[in-house]
Amino acid sequence: MTKKIFKSIMAVAGAVLIASLVIIMGCLYQYFSDVQGKQLEDELSLAAVAVEKNGQNYLEELPSREYRLTWVAENGEVLYDTQSDGKRMENHGDREEIQEALRNKEGKSSRYSATLLEKTLYCARRLKDGSILRISVSSVTIWVLVLGMIQPILIVAAVTLILSGVLAGRISKHITEPLNSLDLEKPLENNTYEELAPLLNRINKQHRQIDMQLSELQRKHDEFTQITQGMTEGLVLLNEKNIILNINPAALKLFHTGHFCKGKDFLTVERGLDVSRAIQDAFSSGHSEVRMERGGKEYRLHINRIESNGSVIGAVVLAFDITEAAFAERNRREFTANVSHELKTPLQSIMGSAELMENGLVKPEDMTRFVGHIRTEAGRLVTLIDDIIRLSQLDERCDMPFEQVDLYEVASDVTAGLADIAAAKGIEVTLTGETVCVKSVRRLLTEIIFNLCDNAVKYNQNGGTVEIAISRQENDAVIAVKDSGIGIPPEHHARIFERFYRVDKSRSKESGGTGLGLSIVKHAVQYLNGKIDLQSSPGQGTTIQVSFYSTETSRKNPRHIDGFPPPVTKPYSKSS
C-alpha cells in the first residue's frame with residue numbers, strides 16, 4: 001500500500017509539473033507573440049506614413065535589419081523590397097495578407113518554415129494610392145523556445161521530483177503507519193482514522209461470528225473424536241482422492257498402522273484387492289460391503305459414499321468384527337449337520353430292527369436281542385436329546401438355583417456311579433483332596449465332574465488309572481481329573497470342546513457317547529464363571545483342571561473360555 005501511495009503522489013507531482021510547464025510556456029509564448037504583433041503593427045503604421053510622403057526614397061534609406069518591408073502594387077507586382085530585388089520577385093497578389101489588405105485595408109498572416117522551427121509574421125496595409133505596404137518579421141516557434149530552455153526545465157523537473165519523492169515517502173509512511181499498526185484481533189481498541197470505524201466494527205462483528213463458529217466446530221470435533229475413540233468398530237474417513245482424513249484407534253489396530261497414515265493414500269494401509277474394489281464400487285454406486293480376515297478374526301467392511309451439494313467429497317469405511325457371529329453361524333451349521341447325523345444313525349438302527357420284527361424275519365429266540373437293541377438305541381437317542389437340551393439351557397443362560405456345594409462330596413458320588421464302568425475295563429479310579437465348598441449349581445458341578453471322569457474312563461487303556469483331586473488354591477476351588485489314556489495331540493486341543501468333535505471318530509464310536517460331553521463341560525464351567533486348563537499329549541494321558549472361585553462372586557463378569565462369549569441370561573424352566 002505504501003508503494004501505491006508513493007507512486008500516486010509521484011504521478012500527481014509529475015503531472016502537475018508537466019501541466020505547469022505547458023501552461024507557463026504556452027502563456028509566455030502567446031504573450032510575447034501578441035507583443036511582437038502589436039510592435040509590428042506600430043512599425044507598419046510609421047512606415048506607411050513615411051512611404052506615402054517620401055515614396056521609395058524612404059524605403060531605400062531605411063536601415064532596418066530586423067523588419068522587412070515590401071511595397072506591392074495593386075496588381076500584386078512588387079515595387080520594392082528592403083532585402084531583395086523587387087523586380088525579380090514573383091507576383092504577391094495571391095498572398096493572404098495582400099488580398100485581405102485589398103479588401104479590408106489591413107491584413108495579417110503567419111507562415112511556418114519547412115522545419116517548423118521558425119515562423120514569419122506578416123502585416124499589410126493599403127496606402128492611399130491603392131498600393132500595399134507589407135512588413136514582416138521572423139520569430140522562433142514554441143519548440144525552439146522549449147529546446148532553448150531545456151536545461152533549466154530539466155533542473156527544475158529534477159529538483160521537483162526529488163522533493164516530491166521525499167515528501168511522498170513521508171506522507172505515504174505517515175498515512176500507512178496507523179493502518180499497519182492496526183490490531184485486528186481487537187478492532188475496537190485501535191486509535192486510527194475515523195473513516196475506518198465502520199470497517200473495524202464490521203471486522204469485530206465477524207470476529208465474534210468466527211469465534212462462535214470455531215467454538216461450535218471444536219465442540220463437534222471433540223464430540224466426534226470422543227465417539228470415534230470409544231468405538232469398537234473401525235472407522236476411516238477418506239476424501240474423494242482416497243486420502244485418509246481420519247482414522248480411529250480400532251481401525252489403527254485392525255490395519256496395523258499408526259496416526260502417521262493420515263494424509264496418505266488408503267492403499268498404503270490396506271492393499272487388499274477386494275477392499276480396493278469395494279471402495280471404488282462405493283464411490284460409483286454409493287455403498288458396498290466386503291469381508292476380510294485379519295489376525296485370525298473376520299471383519300465386514302461397510303463403505304458408504306459421502307456427498308455434498310451433489311458432488312462426491314469422500315467415503316466412510318466402517319469395519320465390524322463379525323468373528324463371533326461367523327463362529328456362531330459356523331457352529332450352528334455344524335451342530336445342525338452333526339445332530340442330524342447323530343439322530344439318523346440310531347433311528348435307522350431302530351427302524352431296521354422294527355422292520356425285521358414287523359415282517360416276521362426275526363426268530364423267536366432272537367426277539368429279545370432285537371428288542372434290547374431297539375431299547376439301547378432309543379436310550380442313546382434320549383441321552384443325546386438330553387445333552388442337546390442341557391446345552392441349549394447353558395447357551396441361553398437360564399437361571400439355575402445356586403447353593404453351597406461340597407465339591408469333594410459331588411466327586412465322591414460321581415466316582416461311586418462310575419465304579420461299575422471302570423471295573424469293566426480294569427481301570428482304577430481314585431479320589432483325593434479335601435472338603436471345598438463353593439456357592440454354585442449342584443447339577444452343573446455333577447455334570448462337569450461326571451463328563452470329565454466318563455471321558456477319562458472311556459478313552460483310557462485297559463488297566464489304566466483315573467485320578468480325581470479336589471483342592472483349594474488361594475481363592476480358587478480346583479477340580480483336577482488325570483488319566484493314563486491315549487492322550488490328545490496338540491493340534492486338537494483348541495477343538496475338543498466343540499460340539500460333536502472327536503479326535504478319533506472310529507474309537508469314539510466304539511466307546512459310545514454323544515460327543516457333547518466336553519462341550520457341556522465347557523458351557524457349564526463358563527456359566528459358573530470358572531476356567532478350564534488342558535494338558536495332554538499322545539500316549540502320556542490327559543489332565544483337565546477346572547477352577548472356580550471358592551467364595552461367592554458376581555456373575556456380571558464371567559470368565560470367557562476359549563474366546564466363547566457369554567449368552568444372554570433367561571429364566572430357568574423346571575420342565576427342562
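Guide: Start with one term. A salt bridge is a side-chain nitrogen of Lys or Arg within 4 Å of a carboxyl oxygen of Asp or Glu. Keep in mind that the model here is predicted.

Visitor: How many salt bridges does a search of the whole structure find?

Guide: The general idea comes before the count. Side chains of opposite charge can pair when their charged atoms come close. Searching the whole structure turns up 16 salt bridges. One of them joins the side chains of Arg294 and Glu270, at 2.3 Å from N to O. This pair ties together distant parts of the chain, 24 residues apart. Arg294 sits in strand S8 (residues 287-294). Glu270 is in the loop between helix H7 (249-254) and helix H8 (273-285).

Visitor: Is Glu270 buried or exposed?

Guide: Compare its accessibility with the cut-off. Buried means under 20% relative accessible area. Glu270 has 7%, so Glu270 counts as buried.

Visitor: How far apart in the helix are Glu216 and Lys220?

Guide: They are four residues apart, about one turn of the helix. Both belong to helix H6 (residues 197-229). Glu216 is partly exposed, at 32% relative accessible area. Lys220 is partly exposed too, with 46%. The pair also belongs to a network of salt bridges that links Glu216, Arg219, Lys220 and Glu223.

Visitor: Which side chain does Asp94 meet in a salt bridge?

Guide: That of Arg95, at 3.1 Å from N to O. Now read the accessibility of each partner. Asp94 is exposed, with a relative accessible area of 54%. Arg95 is buried, at 18%.

Visitor: Let us turn to strands. In which sense do strand S12 and strand S14 pair?

Guide: Now the case here. S12 (residues 428-433) and S14 (residues 465-473) pair in the parallel sense, over six bridges. To find the pairing by eye, look for Glu428, which stands opposite Thr465 in S14.

Visitor: How many bridges join S14 to strand S15?

Guide: Eight, and these two strands run antiparallel. S15 covers residues 476-483. Gln473 stands opposite Asp476 in S15. The hairpin of S14 and S15 has two residues between the strands. There, Glu474 takes a positive phi near 55°.

Visitor: Which residue takes a positive phi in the hairpin of S9 and S10?

Guide: Asn309, again near 55°. Two residues lie between the strands of that hairpin. Strand S9 (residues 297-308) runs antiparallel to S10, and 10 bridges join them. Asn304 has Val316 in S10 as its bridge partner. S10 (residues 311-321) also takes six bridges from strand S6 (residues 234-239), again antiparallel. In that pairing, Asn239 has Gly314 as its partner.

Visitor: On to the surface. Which residues form a nonpolar patch?

Guide: Ile24, Leu28, Tyr31 and Phe32 do, with about 420 Å² of accessible area together. Ile24 lies in helix H1 (residues 2-54). At 47% relative accessibility, Ile24 is partly exposed.

Visitor: How many residues apart in sequence are Thr376 and Pro346?

Guide: In sequence the two are 30 residues apart. In space they are 8.9 Å apart, C-alpha to C-alpha. Thr376 belongs to helix H10 (residues 367-395). Thr376 is exposed, at 53% relative accessible area.

Visitor: Now the whole chain. How many helices and strands does the protein chain have?

Guide: It has 15 helices and 17 strands. Of its 576 residues, 36% count as buried. The chain exposes about 34,500 Å², and carbon and sulfur atoms supply 54% of that. Take contacts between residues at least 6 apart in sequence: 57% of them join residues at least 24 apart.

Visitor: Last, confidence. What is the mean pLDDT of the protein chain?

Guide: The mean is 80, and 87% of the residues reach 70 or more. Over residues 506-510 the pLDDT is below 50, and this stretch has nine contacts beyond near neighbours in sequence. Residues 552-576 are also below 50, with 60 such contacts in the model.

Notes:
Residues numbered from 1 in each chain as written. Heavy atoms only, no water. pLDDT = per-residue confidence, 0-100. Contact = heavy atoms within 4.5 Å. Pairing = 2+ DSSP bridges. Buried < 20%, exposed > 50% of the residue type's maximum accessible area, 1.4 Å probe, protein only. Patch = residues over 30% accessible without salt bridge, like charges linked within 9 Å, V, L, I, M, F, W, Y side chains within 5 Å. Areas by Shrake-Rupley, 256 points an atom, 1.4 Å probe, with all protein chains shown as cover.
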